[in-house]
Amino acid sequence: MRPGGGGSLARAAYAGLSWGVALALFLHRTDLRKQGEQGELLQPLIFVLLVLCSVLLYFVVSFMDPGFVESNEEEKQPMRAKHCQLCRHCVRRYDHHCPWIENCVGERNHPLFIVYLAVQLVVLLWSFHVAWSGLYFQQSWEWLQHNIFLLLSFLVIAIFTIVVLLLLVSHLYLVSCNTTTWEFMSHHRISYLRHCDSENPFDQGVILNLWRFFCACRLVSWEKIYFQEDSDPV
């Protein structure tokens, strides 16, 4: 299944949830609404643009080729590639299949996936602050009826903030070590790692790992790095 072949429900849910929560923050007496009413439009405009940016990044990562191995290459699967049963294709430097974006995270879209997580976290942290500014707790049924939408939005924001923060931190750690979620979780089952003297033959130091990950504009031949590491004298 190539990107776009399915997952319309998850994508629609994400878009609806993003704009629904953003709408709730403007419908209630939050700081953003007060600034808009006072004619101070800069922060509300930046907030809307950030939400739009996060949604666009989500769809780009969701529909982007994660690094599918071409059919003529599948006879000799590249190192660090893995066949995804859900996508039914081999993916270069396979990290994981993400049900939220309904796509694999692999060599081509992994950097943009982390950028998306970072932008999403900024939006969530700002939304958390804005939602809190509009909550004035009172023990009355009338207050609950009036603020139920904002209260639910606040809970959703809090949950997703924790999830996205954990995801971003874990992926940045793995990238700094030049390893993937699949390799980290299944180290003992992967032949090229199980039979290697080094615990991580692809680790070239934090700075070079991050540089290769975010700045390399071409696919990496992991076999060269692997066998170079394997042939280095101990």
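Is N178 buried or exposed in this protein? N178 is buried, since its relative accessible area is 4%, where buried means under 20% relative accessible area, exposed over 50% and partly exposed in between (1.4 Å probe, protein chains only).

Before going on, a word on the basis. This is a predicted model, in which local features need pLDDT of at least 70 and side-chain atom pairs count only at pLDDT 80 or more, while totals for chains, interfaces and linings use all residues. Residues are numbered from 1 along each chain as its sequence is written, and side-chain values use heavy atoms, with hydrogens and water left out.

## Overall picture

The protein has nine helices and four strands; helices (H or I, at least four residues) and strands (E, at least two) are DSSP runs, numbered from the N terminus. In sequence order the pattern is α-α-α-β-β-β-β-α-α-α-α-α-α. Taken along the principal axes, the C-alpha atoms fill a box of roughly 70 × 40 × 35 Å. Of the 234 residues, 44% are buried. Contact means heavy atoms within 4.5 Å, and among contacts with a separation of 6 or more, 64% join residues 24 or more positions apart.

## N178 and R80

N178 sits in the loop between α5 and α6 (181–185). Apart from neighbours within four places in sequence, N178 touches R80, R93, E183, N200, F202, D203, N209 and W222. N178 and R212 are 34 residues apart in sequence, with their C-alpha atoms 9.1 Å apart in space.

R80, one of those partners, belongs to the loop between α3 (42–63) and β1 (82–84). R80 is buried, with a relative accessible area of 1%. Beyond its neighbours within four places in sequence, R80 has contacts that include V91, R92, R93, Y94, N178, E183 and W222.

The backbone deserves a look too. Most residues other than glycine have a negative phi. R80, although not a glycine, has a positive phi of about 80 degrees. R88 also has a positive phi, of about 60 degrees, and is not a glycine. R88 lies in the loop between β1 and β2 (89–91), and R88 is exposed at a relative accessible area of 65%.

Here are the accessibilities of some residues in this report:

| Residue | Relative accessible area | Class |
|---|---|---|
| R80 | 1% | buried |
| N178 | 4% | buried |
| F59 | 25% | partly exposed |
| C215 | 36% | partly exposed |
| F63 | 41% | partly exposed |
| R88 | 65% | exposed |

## Helices α5 and α8

Two packed helices are described by the angle between their axes and the distance between the axes. For helix α5 (residues 141–176) and helix α8 (residues 206–215), the axes come within 8 Å and cross at roughly 110 degrees. That makes α5 roughly perpendicular to α8. Axes here are lines fitted to C-alpha atoms, for helices over the stretch in contact, with angles running from 0 to 180 degrees between N-to-C directions; angles under 35 degrees count as roughly parallel, over 145 as roughly antiparallel, 65 to 115 as roughly perpendicular and the rest as oblique.

On the α5 side the contact uses L172, V175 and S176, and on the α8 side V206, N209, L210, F213 and F214. C215 and L32 are 183 residues apart in sequence and 36 Å apart in space, C-alpha to C-alpha.

Helix α1 (residues 8–27) has 20 residues and spans 28 Å from its first C-alpha to its last, close to the 28 Å expected at 1.5 Å a residue; the expected span is 1.5 Å times one less than the number of residues. Its buried residues are A10, R11, Y14, A15, S18, V21, A22, A24 and L25, and their cover includes α3, α4 (110–133) and α5.

Across the whole structure there are 16 aromatic pairs. The rings of F59 and F63 have centres 6.3 Å apart and planes at 15 degrees, so the pair is stacked. Rings of Phe, Tyr and Trp (its six-membered ring) pair if their centres lie within 6.5 Å, and planes under 30 degrees apart count as stacked, over 60 as edge-to-face and the rest as tilted. F59 and F63 both lie in helix α3, four residues apart, about one turn of the helix. Ring pairs link Y14, Y58, F59, F63, W100, Y116 and F160 into a cluster.
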